Amino acid sequence: MGAATSLLMREFEIPEKGLCRVIQEKNGKLGFEEVANPLNGFYVKRDTFIADLNDDVVLSKPAANDEYQITPRVKRHIKKRTNSLLMMEVLDNLDYKPASKDTYKEFKLRMKEEYGDSCKIPGFSTLCGWWCDYRRANWDIARSIGVDPVASKRISEDQEKLIFKHLEIAFLTKNNGGKSLIDAHEDFKHDPEVALLKEKPVSYSTFNRRRKEILKIVEIMATGTPEEKLAAAKRYKGKLKIDRILERVEQDASRYNLSLLFDDGTPTEGVQIFGAVDCNSEYPLGIKVKFGKGESSADYQALFREVITGTRSGLKANGIPYMIVGDNSGGANSSVTREVYKNAEVKYHTLPPHMPWGKGYIEGFFQIFETGFLQGFKYWYTNKQGEKVEGRGIPGYLSDKEDYRQHPTMKARASMKVSEFFRVLDVYLHQYVNTAKKSLGGKTPQQVWNECNAAQNLPRLTVDNMNYAFMVTDTAVTQKLYPDGRVYFDNAYYQNEDLKQLHDELFNKGMSEVKVDICHSRFDVRQVKVIAQNPNGEGSVVTYPDRCTNADMDVEIPHGTDKPPKIERTYHFPTEIDAPLVKTKRTPKKDDKKEKDEDYDLHKRKVASFDLDTQIPPSLSEVIRASNAAFNTQMPTESSVDYTPKKRRHKKEKLPDNNFGVFNKDDYRGCSNKDESPDTDLNQWPEE
């Protein structure tokens, strides 16, 4: 087979490669692709391949010499080069030198005269290259373009997503442990998710190139113009490549210059919104409203509980996230909050300070929330004159762009009730999740969530799983374990057969008084976590006893619900015998009357009620359900707890050990005579 013979589109059986097709012949090399998998391509020197063309390389399918395929790429280049090459032919016939600057000037003039000023004129070097390829191809434009290059083996989107996740954890997380790039690459290679891919992990150099791309975005966000920052933020957001719900949930808090009114007319502190958004469906999984400043651990625990239970009215999505991304606020980054996430097997990543674009989904939601709800929500209300007026935006809200000095104070602007604010908030959230978004391909967040939820088949959350997550060691209280397996906590007894057996084993080991640590959830104390010493001497034993009470166990019992009744004591005015009365005349200040009038007006202000029923259709009102109707909080029917109260003894009894401090036993029982029956709700006093 001569060297001048074309091998394009011929198929050969090559050892260790299988059936391959020649798709490129350029610069003394042959470009091959596997017929079974066109993505696998390779180059071979033409002379080496021709010399080794023997019985080991079998010609499978001979093709006509110089056969050529017009691919979409070739068609685009033909349309792009035709006018320029035809004009160069005209100049070549007029004895113009194709590679001279004078010819290029004449070429530009003739192109503008022929096709107008809007025609695209190639550069000088580009035109010279087109003309050389055109002459070598015997004046055939299609053949001068050449065949499509061999498709290189690209990295799959799944591996790109894992690369970015490891780089984000290693270099865009506050507490990364000081990992180097080599350590981050080693963690990436040994990731179980990478082992499931049908491709090899990327090399260190490719991993480093992806890191430089992220660092370039970080540099732009620090020193670029607003337009460059916006483009970089979109590019960073596109690198996340999230294709599953609950795979990444972003959370944050935002304060607003807004005050509301309680039912008695007292204004609240500033409104603060805690939010959590699913990055795949852009669904707000949790919204918590707080009146006042600060971001505590309890606030983020309440937000996380709302995310996993879905108790917010107007929202129909909940679940345990795989990863939560937030800022470095004290409440979200506290040890208690992190322990809650650890108990729920949720990964939490803290972004460095001044990096809001690292959580663009929740930041974008807050922008839409401000413009669409606080500033753009339409409603009807009754003014002080008794007239129905259409309003836009939440009354009393003042954006950051406004000059505070030209408006009344935040509390003076308050004119909307708290209950009405929560009602319109539920209406807005329902409308938000059922509004089509361009970023979701014209679908609504509710549609995307429902489709992904059906495809992923997420595990169902139980009451036990929810309570176990919030039983943190920060709430541990040491109490005495009684022989019958009872332990006293939160003004009630908790009992379990495992605790009785544990007491017997520890008592036989020589422990006269058994002490255990009790951890509880601040939201529900129907069950507690009891940690005791292991009788074998290794580690500890954990059990979850039930509450011994005759109250309704189908509803949640928050911590501190069954507090002892407060004793009302008679107050006696002091006399001259107890302490001499020193009568001093107070000089009134000038501003006392003014302050008194302002306080009176503030507390007695008339609150105008909003006529929301005229704008909310009945079908939408049915969707806004009660806050406790979304999650079943009933306890399991099978329980070993004995709820039958035992008969009390009438002789002198001893109070149980507790952590409430020292107090008077008679005062605690609510009576002055020891023979009277105690006014308490306990099932049984502990034995002596």
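Trainee: Which residue in β8 is the bridge partner of Phe-274?
Mentor: Lys-288 is the bridge partner of Phe-274 in this predicted model.

Trainee: In which sense do β7 and β8 pair, parallel or antiparallel?
Mentor: Their pairing is antiparallel and extends over 7 bridges, with β7 covering residues 271-278.

Trainee: What is the strand order in the sheet?
Mentor: The order is β8-β7-β6-β9-β10, an open sheet of 5 strands with mixed pairing. At its edges stand β8 (284-291) and β10 (347-350); each has a single partner strand, so one side of each lacks a neighbour in the sheet. From one strand to the next, the twist averages 20°.

Trainee: Which strands does helix α11 touch?
Mentor: Helix α11, residues 297-309, packs on the sheet and touches β6 (249-256), β7, β8 and β9 (323-326). The direction of α11 makes about 145° with that of β8.

Trainee: Changing topic, how many disulfides does a search of the whole structure find?
Mentor: The search finds 0 disulfides.

Trainee: Is Cys-128 buried or exposed?
Mentor: Cys-128 counts as buried, at 17% relative accessibility.

Trainee: And what is the relative accessible area of Cys-279?
Mentor: The value is 3%, and Cys-279 is buried.

Methods:
Residues numbered from 1 in each chain as written. Predicted model: local features only at pLDDT ≥ 70, side-chain atom pairs only at ≥ 80, totals over all residues. Heavy atoms only, no water. Disulfide = S-S within 2.5 Å. Buried < 20%, exposed > 50% of the residue type's maximum accessible area, 1.4 Å probe, protein only. Pairing = 2+ DSSP bridges. Helix = DSSP H or I, 4+ residues; strand = E, 2+ residues; numbered from the N terminus. Axes fitted to C-alpha atoms, helices over the stretch in contact; angles between N-to-C directions. Contact = heavy atoms within 4.5 Å.
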